[in-house]
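Let's take a friendly walk through this model together.

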Amino acid sequence: MADPLPLLSTKLTPPPARARLVARPRLAARLAEGLSRPLTLIAAPAGFGKTTLLASWLAEPPVQPAAPGPLRVAWLSLDADDNDPARFFSYLAAALGRAHPALGATALALLQMPQPPPLESILTTLINDMGVLDAALALALDDYHAISNHAIHAALAFLIERLPAPAHLFLLTRADPPLPLARMRARDQLAELRANDLRFTPDEAARFMSDSLGLELAPADVAALEARTEGWAAALQLAGLALRGRADAHALVDGLAGQRFLVDYLVDEVLGRQPPEIQRFLLCTAVLERMCAPLCDALLAEGAEPPDPPRAGAWAALGGALSPSQAVIEALDRANLFVVPLDDQRQWYRYHHLFAVFLRGRLGPRAQPLHARAAAWYERSGLIDEAIHHALAAGDAERAAGLIETHAVALVMRGRNLTLNAWLGRLPPGMPNARPGLLLTQAAIATNIGDYLAVEPLLDSAAALIAPGDPYQSMIDALRAIVLSLTADPRAFPLAQQVLATLPADAVATRVSLTLSLGIAATYTGNLAEAERLHQQAIDASQRDEALRSSETAGLAGLAVVRRFQGRLRHSEQLSAQARALSAPNGQPLPTAGTILAWMEHGMELRERHQLAEAERALTQAIAVSRQWGDTDFTEVYAPLCLGLVLLSAGRAAAARECMQAVASAVARHRVAPVRQEEIAAYAALSELRAGRMAAAIRWAAPRLAAPDPPLTMYTPALLVLARVLLAQGRADEAQRRIVRVLAQAESAGYGLVAIEALVLRALAARAQGQPAEARAALLRALELAAPEGYIRPFADEGAPVGELLRQLLAEGAGPAGLAEQILAALPALPDSGGEYSQPLAEPLSQRELEILRLIDAGRSNREIAGQLVIEVSTVKRHVNNLFAKLAVGSRTQALARARTLGLL
């Protein structure tokens, strides 16, 4: 797992309020009034004072009578790099966490995962957090115009629609965002401040010049200045700076008339009046989105170009003992020369946007070496996003590619797929496919999003570019082994063992991911002991790193599945309970793969105890979490498969059949391992059998009865479903032979649960064969295995025939009476005769056919039956033929065997 995302605290801090700001009560009143709606949109071009207005107002907001406490402020300053949803919402969650410790932690943890859930799920956790807030909350997103990602816009619209009171969102932007603003206006959910609202009035302009800039201008000059600038704050400030120390203020104001490029003109006036050292500093640092003294020192100190660094002795008058850059920054701040502090300590600053654009326009090609120096400083400081941004701006593709290669795994583990793809797209054509590290980056992204078909060619291309013994080889092999494991490829094990032996000690996340994948692969091959060992190993490694909580949850859930199949239901329940607790640190289940697995397993454990209503609720929870997570494999295939099994156990065969059909049709849309495809087909056939659709079950069984048996695994229910089809056909001898083979495999491989199921079916087969002693012995042994753990489902699933055998055992005083009584208590929910479970026939037997069946069982001939029922022999023959057709048998012996299996006799 990657280290936590390094976040720039300056992006999360509102700009400190400036001294001597002009009070603007009319706008303060508009901001306060807007808190009654979910969203306030402050939209105006650059330089209209949007950020200054809101930051100063939030510094001392009015008390809200209806709010439960003082207004808490979450601030996020955005830039173009925030178009990656993982980065955007990581910063958003961190901003909320600064406002209140109960906010954002869950969302930030989700975003650090290898496959973060959908944005809707992230926002759901934030909304849930905000719903229990003990104070009013203001969330401000500054410079939202920098965001162009439609997924972020859609997610933000989702948040606004569901924003709980008393939370409020402020959007500061130069252009209207693609949000449903018209609908919000119609619903009175939107407050707006536009450029016309933000323009300085003549009175405000006069007070700005005198109070903020210390200029005493004639009223006529102030009025003219306000008219020329149209109340534009940036132009007023530039004009004020240009007017300082000038005796010809009136002439300059007059000169503004007709100026086509007002800002350029004023900036020229301001910049041209600065000492050469200040001009050089401004130009050297103009490439920075945000700056601090050490970063500026790095840009100024390394080399003479471009432009010339200030002379060492030039700073004495500015800062004394301060570093050169710190002295200049503080001097610029005191002079109000278009630098904006970004934190309360005044360590980080940025230039006013318009001023920065002007300065960068002066640099031209001289900007590239400055970007290169900034990239080096950010790399040394561990701020990789910023380092790559400046390296790409410098045209230094080699440095950018090296940084991407070095940090790709960490970024992929944080779900930064869009950012990585954007960076790869900015490299020279051909470079991403010419370097093994970049090919591996693309392969890791494909693995992360489940695009397994794309992984193999990328890994092959990477392998072709490296020499034997290259460090990249272990990562190539690790990714290849993970994909092979998850797709049930037998090549996974030898390759993975080789990788695990060569992985470096600090590659903990890769080791855990690979170990978990191998644990899944072991269940596909049927090796429960190996699956147990691998899951436990992954759990142990995950517990040593808090960042691997999701892996630990998945490991616990996977081990619980193994324990259940081993016949250790109680331990299985303990493990899945631990997994569920771990997956909900704040009481709200995190939408992760581990959480889904934990709830699915809980549902299956409840099914084993025949607590079917609770099992259905658990699986409904699993499906809900999987929808939040966005994993359609779980949503459409695996969780509904488990739900279908619960419906089968509840005797709701029609509903189960419908569920299984939906799962089977969904398989075509997913990359499902072949062994799981066979499992799904087997359970679909079982649902057909239980729904009385014998012909469909026989069609499924026919080719499999003719083929060799596959090895026993968790995912080969066909081995016993085939036995059930044979019993339903009256082929008890053949069914018994198959059951005996499965039982031997189950006992040898440690499949305790399968052994119990096989023994129950063996008892039913012996009963159909007319071997009561063998039936009694098999059922008694099944009870003895099941009793210590409390398994009920393997008995209750088989319905009334098992009930008859259990009553005989109880009458004899044999076996664990407590479990037998629990099983019998579960059976009344299933029909004893004539129902869809105990008579799974396409067309149920009529009352006359049941009479004839009982007379056949009594040994009567057709003529004797005709005489007893006072009907023609031809009528008896017709009923017998109908009887054979419905039972799918060809003889009286087969008819009687199947009728006993179905509980009809």
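Helix H17, which covers residues 324-334, is mostly covered: 8 of its 11 residues are buried. The buried ones are Ser-325, Gln-326, Ala-327, Val-328, Ile-329, Ala-331, Leu-332 and Asp-333. Please keep in mind that this is a predicted model. Among contacts between residues at least 6 apart in sequence, 70% join residues at least 24 apart.

**Two helix pairs**

Two packed helices are described by the angle between their axes and the distance between the axes. Here are two such pairs.

| Helix pair | Residues | Axis distance | Axis angle |
|---|---|---|---|
| H39 and H40 | 752-768 and 772-786 | within 7 Å | roughly 160° |
| H34 and H35 | 653-666 and 674-690 | 9 Å | about 155° |

How are H39 and H40 oriented to each other, roughly parallel or roughly antiparallel? Angles over 145 degrees count as roughly antiparallel, and H39 and H40 are therefore roughly antiparallel to each other. Their crossing is left-handed. On the H39 side, the contact is made by Ala-755, Ile-756, Leu-759, Val-760, Arg-762, Ala-763, Ala-766 and Arg-767, while H40 brings Glu-774, Ala-775, Ala-778, Leu-779, Arg-781, Ala-782, Leu-785 and Ala-786. Sorted by class, this contact of H39 with H40 has 12 nonpolar and 4 charged residues, with no polar ones.

H34 and H35 are likewise roughly antiparallel to each other, and H34 passes H35 in a left-handed crossing. From H34, the residues that meet H35 are Ala-653, Ala-656, Arg-657, Met-660, Gln-661, Val-663 and Ala-664; their partners in H35 are Ile-680, Tyr-683, Ala-684, Ser-687, Glu-688 and Arg-690. The contact of H34 with H35 divides into 8 nonpolar, 2 polar and 3 charged residues.

**Aromatic rings**

How many aromatic pairs does a search of the whole structure find? The search finds 7 of them. One is formed by Phe-88 and Phe-89, an edge-to-face pair with 4.8 Å from centre to centre and 70° between the planes. Phe-88 counts as buried at 0% relative accessibility, and Phe-89 counts as buried at 1%.

Phe-634 and Tyr-638 make another pair: their ring centres are 6.2 Å apart and their planes stand at 70°, so the pair is edge-to-face. Elsewhere, ring pairs link Trp-348, Trp-377 and Tyr-378 into a cluster.

The remaining stops are single residues, each with its contacts.

Val-22 lies in the segment before helix H1 (25-34). Is Val-22 buried or exposed? Buried means under 20% relative accessible area, so Val-22 counts as buried at 12% relative accessibility. Val-22 and Asp-211 are 189 residues apart along the chain, yet their C-alpha atoms are separated by 7.2 Å. Setting aside neighbours within four places in sequence, Val-22 is in contact with Glu-204, Arg-207, Phe-208 and Ser-212.

Leu-163 sits in the loop between helix H6 (150-162) and strand S4 (167-173). With a relative accessible area of 16%, Leu-163 is buried. Leu-163 and Arg-37 are 126 residues apart in sequence, and the distance between them in space is 9.9 Å, C-alpha to C-alpha. Which residues does Leu-163 contact, leaving aside its neighbours within four places in sequence? Leu-163 touches Pro-38, Met-130, His-168 and Leu-169.

His-879 has its place in helix H46 (residues 873-887). His-879 counts as buried at 13% relative accessibility. Beyond its neighbours within four places in sequence, His-879 is in contact with Arg-848, Glu-849 and Ile-852.

Note on methods:
Residues numbered from 1 in each chain as written. Predicted model: local features only at pLDDT ≥ 70, side-chain atom pairs only at ≥ 80, totals over all residues. Heavy atoms only, no water. Axes fitted to C-alpha atoms, helices over the stretch in contact; angles between N-to-C directions. Helix = DSSP H or I, 4+ residues; strand = E, 2+ residues; numbered from the N terminus. Parallel < 35°, antiparallel > 145°, perpendicular 65-115°, else oblique. Left-handed = near helix turned anticlockwise from the far one by under 90°. Contact = heavy atoms within 4.5 Å. Nonpolar A, V, L, I, M, F, W, Y, C, P; charged D, E, K, R; others polar. Phe/Tyr/Trp six-rings, centres within 6.5 Å; stacked < 30°, edge-to-face > 60°. Buried < 20%, exposed > 50% of the residue type's maximum accessible area, 1.4 Å probe, protein only.
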